[in-house]
Amino acid sequence: MIGNIKYYILLPDKATSLPTISRVKQQIEIAEIIKRKSGHLLIEEKRMLENNSINLINKLFLPKNYPFKNGQQPETRNSIVWTDFSIYTWPLLIQLLKISPAQHIDKMIELMFKNPDQNELKWDQIAKTFSDIPEDHQRIEMDELDRWYDEINITLLPATSYHQLYNWFGPEVKDIGYDAFDHFTISRNGPEAWKIAIENYLKSINNLPEGYRQELIDRYITPIINY
C-alpha cells in the first residue's frame with residue numbers, strides 16, 4: 001500500500017529554486033479549488049527557503065500577490081518565506097474515492113499520482129476532479145469544530161486528535177464522533193469506540209477495499225486515537 005506522503009502545492013519539498021510566476025498562479029488556483037470543495041484536506045504551513053533571496057530587479061516584475069517574499073525577521077534573514085498548503089496522500093485519496101464511487105482504487109491512484117512514492121501528483125487532474133463536485137465540503141471554522149468536539153468530549157479523545165481526524169475526514173468527523181459516543185456509552189473504552197466508528201465510516205466507502213481499510217486503521221488512525 002502506498003504511504004501517507006505530504007505534498008506541498010506551491011513548492012515541492014526539497015526544491016532549491018522558486019517556481020515561475022505562471023506556475024505559482026496555476027498552483028494557487030488549484031489550492032483555491034480544493035479549499036472551496038474539500039477544504040479540510042489543506043493544511044497551511046509557514047515555510048522558508050534558506051540561503052536564498054529575491055533580488056531588487058526581480059522584485060520589480062513580480063505581481064503583488066506573488067506569495068514568496070524575502071524574510072524580514074532575524075530568524076528569516078537571507079531566506080525566502082511564504083505560506084504554503086500541504087496535503088497528504090490518504091486523506092486526499094479517501095476524498096477522491098468518495099467523489100468517484102464507481103472508480104476502482106488502483107485506477108484512481110493511476111489517474112491522480114504520477115509516482116506515489118516520489119512525491120508527484122497530477123495536479124491538473126486533481127483540480128478537474130474537484131471542480132466537478134458541488135461546493136458542499138467547505139472548510140469548517142475552528143469555533144464550530146470545537147463545538148462539535150465539546151459534544152463528544154466525554155470519550156476523552158484529545159482535541160488535537162479530533163482536529164487531526166477532521167483533516168482526514170472533513171465534516172463527516174461530526175457523525176463519526178456521534179457514532180463513537182454511542183459505542184463509548186456501552187464499552188467505556190474511548191479508543192475502541194473511535195476505532196469502531198472510523199471502521200464503520202470507512203466501510204461506507206465501497207471502493208476502498210477491506211485490506212486497505214485495515215491497514216489505514218493500523219498504520220495511521222490507531223496512533224491518532226490511542227490516548
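What covers the buried residues of helix H1? I looked at contacts, meaning heavy atoms within 4.5 Å, and the cover includes strand S4 (79-88), helix H3 (89-99) and helix H5 (123-131).

Basis of these notes. I am working from a predicted model, in which local features need pLDDT of at least 70, side-chain atom pairs count only at pLDDT 80 or more, and totals for chains, interfaces and linings use all residues. Residues are numbered from 1 along each chain as its sequence is written, and side-chain values use heavy atoms, with hydrogens and water left out.

Helix H1. I took helices (H or I, at least four residues) and strands (E, at least two) as DSSP runs, numbered from the N terminus. H1 covers residues 21-38, and its 18 residues reach 25 Å from first C-alpha to last, close to the expected 26 Å. That expected span is 1.5 Å times one less than the number of residues. I list among its buried residues Val24, Ile30, Ile34 and Lys37. Buried means under 20% relative accessible area, exposed over 50%, and partly exposed in between (1.4 Å probe, protein chains only).

Strand S4. I find seven of its ten residues buried. For pairing, DSSP must find at least two bridges between two strands. S1 (residues 6-8) pairs with S4 antiparallel over three bridges, and tyrosine 7 stands opposite isoleucine 87. S2 (residues 43-50) also pairs with S4 in the antiparallel sense, over eight bridges; there, glutamate 50 faces serine 79. S3 (residues 69-70) is joined to S4 by two bridges, again antiparallel, with lysine 69 partnered by valine 81.

Salt bridges. I counted a side-chain nitrogen of Lys or Arg within 4 Å of a carboxyl oxygen of Asp or Glu, and the total is seven. Aspartate 84 and arginine 47 meet at 2.7 Å, N to O. This pair links S4 to S2, 37 residues apart in the chain. Aspartate 84 is buried at 0% relative accessible area, and arginine 47 counts as buried at 13%.

Which residue does lysine 107 meet in a salt bridge? I find glutamate 110, at 3.5 Å, N to O. Lysine 107 is partly exposed at 37%, and glutamate 110 is partly exposed at 49%.

I also noted aspartate 132 with lysine 128 at 3.6 Å, N to O. Aspartate 132 is exposed, at 55%.
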